[in-house]
Amino acid sequence: MVLQAIIYVRGTLQILDQLELPHKEVYQTISNVEDAWNAIREMRVRGAPAIAIVAALALAIELTNRQEPESDDGVPEEARRATDVIVEKLEYLVTSRPTAVNLADAAKKLENIVRSTSNSPGSTKSSVEEAYITAAELMLIDDVLDNKNIGRHGASWILDNSGKASSGEKISVLTHCNTG
């Protein structure tokens with residue numbers, strides 16, 4: 001079994017509650033921006049990339065699951081309004097941990113994506129929202145891939161430099177995080 005800090009399927013998001021570790025593995029459902037803001041502020045999610053991704057995906061969840069009718073979706077003004085709402089929510093999410101550089105960086109990247117989409121000819125509210133959701137999902141995919149590559153390269157380096165690779169001896173690794 002692999003312990004996942006973030007479980008995401010379009011429309012649903014769960015985080016491993018860091019406050020319960022190491023005694024319990026409890027997943028908290030994040031349904032909207034407010035849930036993410038609280039989880040980040042209360043340190044239920046930790047790690048710079050994870051904080052940014054949870055914030056980004058929480059807004060994606062909110063956009064995916066909204067109950068608003070699609071009236072006037074083809075009107076350019078609606079694309080601009082959607083952009084303004086997204087940017088406002090991103091700014092709010094950044095206030096959950098103002099010193100989190102990854103969070104602010106992710107918010108800025110996502111803002112740039114929705115502004116670019118909104119300014120494109122023929123943009124709609126739906127196209128702006130879909131551009132945001134896709135970009136937020138890609139952040140998670142890229143982060144998981146980065147982590148797997150770090151692990152693979154690190155394991156290879158340790159084996160190559162430990163002198164124990166060919167003997168079959170076990171290798172112990174102690175990790176330490178000093179970020180928080």
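**Stop 1: α2 and α4**

Begin by selecting helices α2 and α4, whose axes come within 8 Å and cross at roughly 40°. With that angle, α2 counts as oblique to α4. The crossing of this pair is right-handed. Bear in mind as you look around that this is a predicted model.

Now show side chains where the two helices touch. From α2, pick Ala-48, Pro-49, Ile-51, Ala-52, Ala-55 and Ala-56; their partners in α4 are Asn-102, Leu-103, Ala-106 and Leu-110. Colour this contact by class and you will find 9 nonpolar residues, 1 polar and no charged ones.

**Stop 2: α4 and α5**

The crossing of α4 and α5 is right-handed.

For the side chains, select Ala-106, Lys-109, Leu-110, Ile-113, Val-114, Thr-117 and Ser-118 in α4, which meet Ser-127, Val-128, Ala-131, Tyr-132, Ala-135, Ala-136 and Met-139 in α5. By class, this contact of α4 with α5 holds 10 nonpolar, 3 polar and 1 charged residues.

**Stop 3: the nonpolar core**

Which residues have the most contacts inside the largest nonpolar core? Select Ile-6, Tyr-8, Leu-13, Leu-57, Ile-86 and Tyr-132; the core they belong to has 43 residues. At least two residues each come from β1 (6–9), β2 (12–16), α1 (33–41), α2 (48–64), α3 (76–94), α4 and α5. The largest share, 13 residues, is supplied by α2. As background, nonpolar side chains tend to be buried together in soluble globular proteins.

Centre the view on Ile-6. Leaving aside residues up to four places away in sequence, Ile-6 touches Leu-13, Gln-14, Ala-50, Ile-53, Val-54, Leu-57 and Leu-140.

**Stop 4: Lys-89**

Finish in helix α3, where you will find Lys-89. Is Lys-89 buried, exposed or partly exposed? Lys-89 has a relative accessible area of 26%, so Lys-89 is partly exposed. Beyond residues up to four places away in sequence, Lys-89 touches Val-33, Leu-59 and Glu-62.

For a last exercise, draw a distance line between the C-alpha atoms of Lys-89 and Asp-146: they are separated by 27 Å, and the two residues lie 57 residues apart along the chain.

Key: Residues numbered from 1 in each chain as written. Predicted model: local features only at pLDDT ≥ 70, side-chain atom pairs only at ≥ 80, totals over all residues. Heavy atoms only, no water. Left-handed = near helix turned anticlockwise from the far one by under 90°. Helix = DSSP H or I, 4+ residues; strand = E, 2+ residues; numbered from the N terminus. Contact = heavy atoms within 4.5 Å. Nonpolar A, V, L, I, M, F, W, Y, C, P; charged D, E, K, R; others polar. Core = buried A, V, L, I, M, F, W, Y, C linked by side-chain atoms within 4.5 Å. Buried < 20%, exposed > 50% of the residue type's maximum accessible area, 1.4 Å probe, protein only. Axes fitted to C-alpha atoms, helices over the stretch in contact; angles between N-to-C directions. Parallel < 35°, antiparallel > 145°, perpendicular 65-115°, else oblique.
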